[in-house]
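User: I would like to go through the charged pairs in this protein. Could you help me read them?

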Amino acid sequence: GILIQRLYTMQIINGEKYLTDFTMQIKKETTLKSTRGNIYDRDGNAVAYNKLAYNVTYEDVGSYDTTRERNFAMNGSLYQIMKVIEDGGDQVYTNYAIDIGSDGQYEFTREGFNLLRFRADIFGYADTEDLKTDERNCTAEEMMQTLSTKKWYGIDLSVYTEEELQEYGLPSSFTKEEQLKLTALRSAVAQNSYQKYVTTTIAKDISKDTVAVIMENKDRYPGVDVEEDSIRVYEDGLYMAPLIGYTGQVSAEELEELNGENGNGQYSSSDIVGKSGLEKYFEKELRGQNGTKTVYVDNLGKVLKEDSEVAPQAGNDIHLTIDRNLQIAGIITESLSFAYNVCVEVRQGLEPVLVDQLMMQTVQAFRMTGCQHFRTVEEINGTADVGIVFIPLSGNVVVLNEYDLQPYRKKPSAAAGIFPQ
C-alpha cells in the first residue's frame with residue numbers, strides 16, 4: 001500500500017514538477033565569439049576590417065534508438081540543407097583534410113603532425129599515440145570507405161531500400177563529391193558530440209536569398225539555423241597582403257602553440273587566427289576575448305531559460321605608420337620594373353608577335369591591380385612599336401616601352417619609369 005501511495009504521489013501529484021525539474025537540468029553553454037580588431041594605415045584608412053556575414057549552423061538535437069536511425073536522420077537533414085545552400089549559389093564549408101585529386105581519387109591534403117592529428121580526431125583519440133597501426137597508415141580512399149560504412153556514418157546508400165531513402169529525402173546514390181562533403185560535415189558534427197547542443201558551422205557568408213529560404217523552412221531541417229558572424233575584409237589586398245598577411249582556421253600545430261605558454265587554453269579548433277604578416281604578429285592584440293552564454297534547454301534543444309551571459313570583448317585596433325597609397329605605388333613600380341626587364345630580355349630572339357602577346361598579358365595583369373586606364377603605343381602615336389602606357393589611379397603615367405613614345409618624348413631606362421602627365 002505504501003509503494004502504491006508513493007507511485008501515486010510521484011506520478012500524479014508531483015509528476016509535472018519532476019518532469020519540469022528534469023528538463024531544466026540540461027545546461028547549454030555556448031561561445032560568443034569576439035570581434036577581431038581592425039588595422040588602419042597612418043591616415044586612418046582601414047586596410048583590414050570585419051564585415052557582417054551569415055553562417056549556417058547545424059545542431060544534433062535528435063534522440064535515436066539505433067545508429068541506423070541516427071545516420072538516416074542526420075544524413076537526410078544535412079544532405080537536404082546542403083542542396084539548399086548550393087542551389088542558392090553558396091558553398092558548403094568543409095575544412096577537411098581529404099580532397100579529390102586530379103586522378104579522381106581521394107587524397108590527404110595535410111601531412112606530418114597535422115595529418116596525424118586529423119586521423120586521431122576522426123577515429124576518436126585524444127592522443128595521436130593511441131592510433132592503431134591500420135588507422136595510422138590507411139590511405140584517404142580507405143578512410144573514406146571506413147567512414148561510409150553503417151558502423152560509422154552510413155553514407156553507403158546501397159544497403160538501404162528505396163522506400164527508406166525516400167522517407168529521409170536521400171538520393172539513390174551519392175556522387176564522389178557529395179560523399180566527401182557529407183562525410184566532412186558528419187565528421188565536424190562528431191567533433192562536438194561530447195558537448196551536447198554545440199553547433200557546427202556548415203556554410204559561411206551565405207547570401208540573403210539563402211538565408212530567407214532556410215528561415216522560412218526551418219521546420220523541415222531540424223537542428224539547422226542561421227547565425228550572424230563576421231568575415232575579414234582586406235582593402236587593396238593585392239598590394240597590402242605582403243604586409244598585412246591573412247587569417248584562417250587554426251591548425252593543430254598552431255593550436256598547441258597558442259594554448260601553450262601563457263595561452264591558458266583560450267583557443268579551440270574552430271577559431272580563426274592570424275596566419276602570416278601583421279595578422280599573425282599581433283594575434284594576441286587583435287583577437288579579443290570570447291564570451292559565454294549559459295541557458296537551460298529541454299531534451300529537444302529548445303531554450304527554456306537563460307541563466308547567465310558574459311559578453312565578448314572586441315580585439316584592439318592596430319594603427320600603422322604605413323601609408324597605404326605609398327605602398328600601392330611601390331608595388332606597382334616594382335611590378336612594372338620587373339615586367340619591363342622581362343620584356344627587354346625576351347625581345348632578343350623573339351618574333352614581334354610573341355612580344356606583343358607578352359605585353360598584352362602584362363596589360364591584363366595590371367588591369368586587375370586597379371589601373372583604370374591603359375593605352376597601347378599605337379593609340380598614342382600611330383606607330384606599331386610594342387609598348388604599353390599605364391595610367392594608375394594616382395593620375396601619373398607609367399610607361400613601359402624601350403622606344404621613344406609621343407607625345408612624352410621620354411625614353412625609360414632599364415627600369416620602368418613613372419612620368420608626370
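User: Let us start with E279. Is it buried or exposed?
Analyst: E279 is buried, with a relative accessible area of 0%. Buried means under 20% relative accessible area, exposed means over 50%, and partly exposed lies in between (1.4 Å probe, protein chains only). Please note that this is a predicted model, in which local features need pLDDT of at least 70 and side-chain atom pairs count only at pLDDT 80 or more, while totals for chains, interfaces and linings use all residues. Residues are numbered from 1 along each chain as its sequence is written, and side-chain values use heavy atoms, with hydrogens and water left out.

User: Which residue forms a salt bridge with E279?
Analyst: The partner is R36, and the closest N and O atoms are 2.9 Å apart. A salt bridge is a side-chain nitrogen of Lys or Arg within 4 Å of a carboxyl oxygen of Asp or Glu.

User: What about R117?
Analyst: R117 forms a salt bridge with D121, with 3.0 Å between the closest N and O atoms. Both residues lie in helix α4 (residues 112-123), four residues apart, which is about one turn of the helix. R117 is buried at 16% relative accessible area, whereas D121 is partly exposed at 31%.

User: Which residues are joined into one network?
Analyst: R36, R232, E279 and E283 are joined by salt bridges that share partners.

User: New topic: where is N55 found?
Analyst: N55 is in strand β3, and N55 is buried, with a relative accessible area of 4%.

User: What does the side chain of N55 reach?
Analyst: The N55 side chain reaches the backbone nitrogen of D205 at 3.1 Å.

User: Which residues is N55 in contact with, leaving aside its neighbours within four places in sequence?
Analyst: Among them are T201, A203, K204, D205 and D225. Contact here means heavy atoms within 4.5 Å.

Technical notes. Helices (H or I, at least four residues) and strands (E, at least two) are DSSP runs, numbered from the N terminus. A polar contact is a pair of N or O atoms within 3.5 Å; within protein, one must be able to donate a hydrogen and the other to accept it, and residues adjacent in sequence count only if both atoms are side-chain atoms.
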